[in-house]
Amino acid sequence: MTDAARLKATVYVGGLDHAVNEKVLADAFLPFGEIVEVSLPKPELPSSTDPHRGFGYVEFEIPGDAKEAIDNMDQSEIFGRVIKVSAAKPQKASNEGLGSRTAVWEQEGWLAKHAVSDEDKLAAEQARNALESRPDDPMQGLEGLDVAGPQPA
C-alpha cells in the first residue's frame, strides 16, 4: 500500500486516557473493519512515566472503514473520556514548521506559499506612486463646504 493510501486508511484518535492501551483501542475500532496497525506514540522525555502521549493512530485495511470509524466514533467515550477521531494528517518533516531548527522564511514550503509575484510588486509600486501624487494640502477640495450644519431647504 502506498503512503497516500495508508494515510487515507488511518485515523487519529485524541483525548485518550492513560489507561487505554493498544488492545483496548483495537477492540474499540474493530467493529468498523480489519485493523492493520494500532500505535500509541510514547512520550519524548525519557523521564516521563506516562504510557503514551494521549493520542494514537488506527490504520485500517480499507479507507472506507476509516471513514466509518470517524463518523461513528468521533465524540464518543472511552474510559470516561470523550475522544476526538479524525483523518490522520501527514507528519511534517523535522525541518519544517514551528519547532524546527531552521528559520521559517528559509524553509522551502514557506517560501513557495508566501513568495510575492512580479504582478503584486508592480501593483504595490503603482499604489505607492498614486499616494505620492496626491496634493499636500489636506484642505484642498473643501472650498464649497464653508458653512457648517444643515442647509436650509
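Threonine 10 counts as buried because its relative accessibility is 12% (buried means under 20% relative accessible area, exposed over 50%, with a 1.4 Å probe and protein chains only). The model is a predicted one, where local features need pLDDT of at least 70 and side-chain atom pairs count only at pLDDT 80 or more, while totals for chains, interfaces and linings use all residues. Residues are numbered from 1 along each chain as its sequence is written, and side-chain values use heavy atoms, leaving out hydrogens and water.

Threonine 10 sits in strand E1 (residues 10–14); strands here are DSSP runs of E with at least two residues, helices runs of H or I with at least four, numbered from the N terminus. Leaving aside residues up to four places away in sequence, threonine 10 touches Tyr57, Val58, Glu59, Ala66, Ala87 and Ala88, with contact meaning heavy atoms within 4.5 Å.

As for the sheet, it is open and has 4 strands in the order E2-E3-E1-E6, with antiparallel pairing (two strands pair if DSSP finds at least two bridges between them). The edges are strand E2 (35–39) and strand E6 (84–87), each pairing on one side only. E1 and E6 pair in the antiparallel sense over 4 bridges, and valine 11 stands opposite alanine 87 in E6.

Two helices lie across these strands. Helix H2 (residues 22–29) covers E1, E2, strand E3 (55–60) and E6, at about 140° to E2. Helix H3 (residues 63–73) lies across E1, E3 and E6, at about 150° to E6. Axes are lines fitted to C-alpha atoms, for helices over the stretch in contact, and angles run from 0 to 180 degrees between N-to-C directions.
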